[in-house]
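Below is a short briefing on one protein chain. Sequence and structure come first, then the points by topic.

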Amino acid sequence: AARLANNPDLARALGGLLGTSDARARALITRPELVDALLTVGVEAPDEGAIAALIDERTRDALAVTDEDPIEQAVGALRRTMREVELAVGLGDMGQAFSAGEVSRRLTALAEGTTRRCFTLAAREASERFGLRPGSTDPLDGIAVIAMGALAARELGYGGDVDVIVLYEGDEDTVGGRRAGVTFAEFVARVTQRAIAFLSAPHRDGPGYAVDVRLRPSGAQGTLITTLAAFERYHRGGGDEPRGAGWERQALIRA
């Protein structure tokens, strides 16, 4: 209370938030420590570049922890950063500190940075277990995560879904790691499954993002990952293979 009394701008912003946004108010009431975080982050939400830097810093610090699971610590740090930045964006939004477009771009930067980090963490974990592609030093080599929908258009709103498709190239077996010799397709599938879990699974440090991968070829009935060659064939059509619908090709414009 004393800290709020000494920070009238934050106190006014919190009052406005509690009176105008049920979702943000509930988030604050259930996790009041976010007020402390706001005193660090500030009432005015960081811009896109600062959000990306904050995600990198928090993840790097969490991975440096040696007495607990570093991956779990990094996921927790990402969830806490999400809550802090979303609340700061909400406060700035309610105080009309920036336009609706600036709100969306900040929320998009937060989702993009979090998604990027989750795939990086999942690839790191998978490489320690299954190794890497022959001749590669980057666990994400040969993998592309393509943003779709509002994420691609930088128009994400509060509580928006993360729409992505995952493409890959390569058919070699992995080398190194504790269980080398899996196909690259299996490696990519495991990375994708873990990254989605890091993004969306319940966590003690707060909820994540709902992840939608149904915009991939053949939708929910198709495989979770797709080779680049198969993706090209799907949209080019021909032969007996299913062909992408017109709306699917329109969706690629945003991607």
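Val 175 sits in the loop that runs between β2 and α9 (184–200). The model is predicted. It has eleven helices and four strands.

- Val 175 is partly exposed, because its relative accessible area is 46%, which lies between the 20% and 50% cut-offs.
- Val 175 and Phe 130 are 45 residues apart in sequence. In space, their C-alpha atoms are 7.3 Å apart.
- Which residues does Val 175 touch, not counting those up to four places away in sequence? They are Phe 130, Gly 131, Leu 132, Arg 133, Pro 134 and Ala 180.

**Aromatic cluster**

- How many aromatic pairs are there? The count comes to two.
- Tyr 168 and Phe 184 form an edge-to-face pair. Their ring centres are 6.0 Å apart, with 70° between the planes.
- This pair links distant parts of the chain. Tyr 168 belongs to strand β2 and Phe 184 to helix α9, 16 residues apart.
- Tyr 168 is buried, with a relative accessible area of 11%. Phe 184 is buried too, at 1%.
- Phe 184 and Phe 187 form a stacked pair. Here the centres are 5.9 Å apart and the planes 15° apart.
- Why are Phe 184 and Phe 187 separated by about one helical turn? Because they are three residues apart in helix α9.
- Phe 187 is buried, with a relative accessible area of 2%.
- Ring pairs join Tyr 168, Phe 184 and Phe 187 into a cluster.

**Helix α10**

- Helix α10 covers residues 228–236. Its buried residues are Phe 231, Tyr 234 and His 235.
- Seen down the axis of α10, these buried residues fall within an arc of 90°, so they line one face of the helix.
- What do the buried residues of α10 pack against? Their partners are β2, β4 (226–227) and α11 (246–254).
- Gly 237 follows α10. Its phi is positive, near 80°.

**Helix α3**

- Helix α3 spans residues 22–30. Arg 24, Ala 25 and Leu 28 are buried there.
- These three cover an arc of only 100° around the axis, so they lie on the same side of α3.
- Which exposed residues does the face turned away from the buried side of α3 carry? They are Asp 22, Arg 26, Ile 29 and Thr 30.

**Thr 81 in helix α6**

- Thr 81 is placed in helix α6, residues 70–94.
- Is Thr 81 buried or exposed? Thr 81 counts as buried, because its relative accessibility is 1%, under the 20% cut-off.
- Neighbours within four places in sequence aside, Thr 81 is in contact with Leu 54, Ile 55, Arg 58 and Leu 110.

**Arg 154**

- Arg 154 lies in the loop between α8 (149–152) and β2 (162–168).
- Arg 154 has a positive phi of about 60°, although it is not a glycine.
- Arg 154 is partly exposed, with a relative accessible area of 30%.

**The whole chain**

- The C-alpha trace spans about 65 × 50 × 25 Å along its principal axes.
- The protein has 255 residues, and buried residues make up 43% of them.
- Among contacts with a separation of 6 or more, 70% are between residues 24 or more positions apart.
- The protein exposes about 12800 Å². Carbon and sulfur atoms supply 50% of that area.
- There are 30 positive and 37 negative charges. Their mean positions are 2 Å apart.

Key:
Residues are numbered from 1 along each chain as its sequence is written. This is a predicted model: local features need pLDDT of at least 70, side-chain atom pairs count only at pLDDT 80 or more; totals for chains, interfaces and linings use all residues. Side-chain values use heavy atoms; hydrogens and water are left out. Helices (H or I, at least four residues) and strands (E, at least two) are DSSP runs, numbered from the N terminus. Buried means under 20% relative accessible area, exposed over 50%, partly exposed in between (1.4 Å probe, protein chains only). Contact means heavy atoms within 4.5 Å. Accessible areas come from the Shrake-Rupley method with a 1.4 Å probe; for residues, only the protein chains shown count as cover. Lys and Arg count as positive and Asp and Glu as negative; His and the chain ends are not counted. The place of a charge is taken as NZ of Lys, CZ of Arg, CG of Asp or CD of Glu. The arc is that of the directions from the helix axis to the C-beta atoms. Rings of Phe, Tyr and Trp (its six-membered ring) pair if their centres lie within 6.5 Å; planes under 30 degrees apart count as stacked, over 60 as edge-to-face and the rest as tilted.
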